[in-house]
Structure formats: C-alpha cells, structure tokens
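Please keep the sequence and the structure in view while reading.

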Amino acid sequence: MIEVCHLPPSRSIRVVWILEELGIPYKTRAIKFPPQINDPEYIALNPAGLFPTVIDGEEVLTESLSICDHLARKHGGNALVINPGEDDYRIYQQWLFFGEATLGVPLANVMRYGAGRPSEEQVPRVVSDALTAFSARLAMLEKGLTGSDYLAGGRFTLADISVGYVLWLTKAMFHLDDGFGDQTAKYTDRILARPALGRALAKQ
Ligand SMILES: N[C@@H](CCC(=O)N[C@@H](CS)C(=O)NCC(=O)O)C(=O)O
C-alpha cells in the first residue's frame with residue numbers, strides 16, 4: 001500500500017489531499033521530528049530531511065507536486081491532471097508550478113524570518129520584502145482567477161491543490177488573507193470547503 005510520510009502542516013497535506021480526492025487507499029507514517037536527530041530511517045529515505053516522502057512499492061518519491069502527479073497518473077486514471085494536447089495544458093502547468101515556485105516562496109520567508117522565530121531572531125527587512133512580494137504574487141493570482149471557478153480546464157485539478165495548499169496556509173495558519181482580492185477570497189473559500197481537504201486535514 002502507498003505510504004505517505006506525513007507531517008502536518010507540511011506539504012505532505014497536498015499528497016494526502018489528492019489521495020482523498022481520488023479515493024486511493026494509503027497509509028500514513030508519522031515522523032519523529034526533527035528527523036536529522038530523531039528519525040534516521042526517514043533520513044535514509046530522504047537525506048534532505050524534507051517533507052513529504054512517499055513510498056509506492058519499490059519507488060521512493062519526493063517533491064510534493066511530482067508525487068501528486070505520479071499518484072494521479074498511476075493510480076487515479078489521470079483524473080485531476082491535464083495532459084499535453086488538452087485544452088488549457090499550458091495554463092495548467094503555469095499554475096501548477098506557480099503554487100510551489102512563486103506563491104509559496106515569500107510566504108515561507110515570512111515564517112522563516114518572522115513569526116516562526118523568537119522575536120530576537122526575526123529579520124524585519126526580509127519579512128517586509130517577502131510580504132511585498134507575496135502581495136504582488138497574489139495580484140497575479142487574482143487576475144488569473146477572474147471569470148473562472150478553477151485555475152485551468154474549467155474543473156478542479158492538481159493546479160488547484162498546488163495553489164490551494166498555499167492559500168490554506170495563508171488563511172488558516174498565518175491569518176494573512178486580508179490582502180486577498182475578491183476573486184481570490186471566493187476561490188479560497190471554494191477550494192478550502194472541499195470535503196477531501198477536510199479529511200486530509202483531519203489525518204495525523
Ligand atoms: N519543493 C519541495 C519542498 C519540500 C519542503 O521544503 N518541505 C518543508 C515542509 S513544507 C520541510 O520539509 N521543511 C523542513 C526543513 O526545511 O528542514 C516539495 O514540494 O516537496
């Protein structure tokens with residue numbers, strides 16, 4: 001059975017979310033954090049000590065979106081992905097990568113150099129630059145959402161899981177959603193209301 005090394009609120013939520021959306025059986029493995037000190041078995045699987053890692057038969061997979069893509073194609077009959085040649089493939093790819101490589105990066109810096117550290121270790125200049133960048137990236141999302149319920153293909157896809165995870169962090173974990181535009185606020189509510197995400201968030 002597929003095994004997900006799961007450590008909420010890490011990006012392993014993306015993996016559990018898509019498994020729940022697709023109804024694919026899986027089990028979770030708890031990690032002893034920090035794995036570099038407490039979980040040598042995990043470090044043997046993922047020497048970077050990052051989350052998530054998934055074990056699927058003989059394969060050990062890392063990178064949350066690549067894992068989700070693999071699971072949807074191998075076990076989910078290609079549901080929730082858009083293939084080359086299909087309408088909106090390019091825009092699907094754009095938002096898929098945007099979630100991880102563009103929208104999530106400044107948010108991570110807000111935490112890493114701000115609220116996630118004791119006040120004497122915070123770096124205010126880095127945090128304010130990251131908030132400025134985050135706001136500009138949200139403006140890009142707002143423009144992309146105008147007139148559509150989902151990011152690509154007129155349906156819920158992995159691109160929505162990619163971006164939706166970051167919006168969940170922004171709203172539910174960091175309470176930084178007051179900068180959301182109207183479309184982004186509505187989109188976030190729509191995506192966060194998905195029952196599969198609720199089940200994923202309930203998994204420990
Ligand atoms: N691009 C990777 C990023 C993985 C990543 O940075 N995960 C974070 C948690 S969300 C982590 O493990 N952080 C622990 C650390 O930096 O030591 C992915 O999408 O899987």
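## Two cis peptide bonds

Pro-9 sits in the loop between β1 and α1 (12–22). Helices here are DSSP runs of H or I with at least four residues, strands are runs of E with at least two, and both are numbered from the N terminus. The bond that joins Pro-8 and Pro-9 is a cis peptide bond, with omega at about 5°.

A further cis peptide bond leads from Phe-33 to Pro-34, and its omega is near -5°. Pro-34 belongs to the loop between β2 (26–30) and α2 (35–38).

## Basis of the model

The model is predicted: local features need pLDDT of at least 70, side-chain atom pairs count only at pLDDT 80 or more, and totals for chains, interfaces and linings use all residues. Residues are numbered from 1 along each chain as its sequence is written, and side-chain values use heavy atoms, with hydrogens and water left out.

## Strand β3 and its partners

Which strands pair with β3? Strand β1 (residues 2–6) is joined to β3 by three bridges, and the two run antiparallel. Strand β4 (residues 59–62) also pairs with β3 in the antiparallel sense, over four bridges. Pairing requires that DSSP finds at least two bridges between two strands.

β3 and β4 make up a hairpin, with two residues between them. Gly-57 lies in the turn and has a positive phi of about 65°. Strand β3 (residues 53–56) is covered on both faces: Thr-53 and Ile-55 are buried on one side, and Val-54 and Asp-56 are buried on the other. Relative accessible area sets these classes: buried is under 20%, exposed is over 50%, and partly exposed is in between (1.4 Å probe, protein chains only).

## Positive phi outside glycine

Glu-63 is not a glycine, yet its phi is positive, at about 80°. Glu-63 is part of the loop between β4 and α4 (64–74). Is Glu-63 buried or exposed? Its relative accessibility is 53%, so Glu-63 counts as exposed.

Asn-78 is another residue other than glycine with a positive phi, near 70°. The loop between α4 and α5 (89–113) holds Asn-78. With a relative accessible area of 32%, Asn-78 is partly exposed.

## The whole chain

The protein contains nine helices and four strands. Their order along the sequence is β-α-β-α-α-β-β-α-α-α-α-α-α. The C-alpha trace spans about 50 × 45 × 25 Å along the principal axes. A compact globule of 204 residues would have a radius of gyration near 17 Å, and the protein agrees with this at 17 Å. That radius is taken over C-alpha atoms, and the globule rule is 2.2 Å times the number of residues to the power 0.38.

Of the 204 residues, 43% are buried. Among contacts (heavy atoms within 4.5 Å) with a separation of 6 or more, 66% come from residues 24 or more positions apart. The accessible surface is about 10200 Å², and carbon and sulfur atoms account for 54% of this surface. Accessible areas come from the Shrake-Rupley method with a 1.4 Å probe; for residues, only the protein chains shown count as cover.
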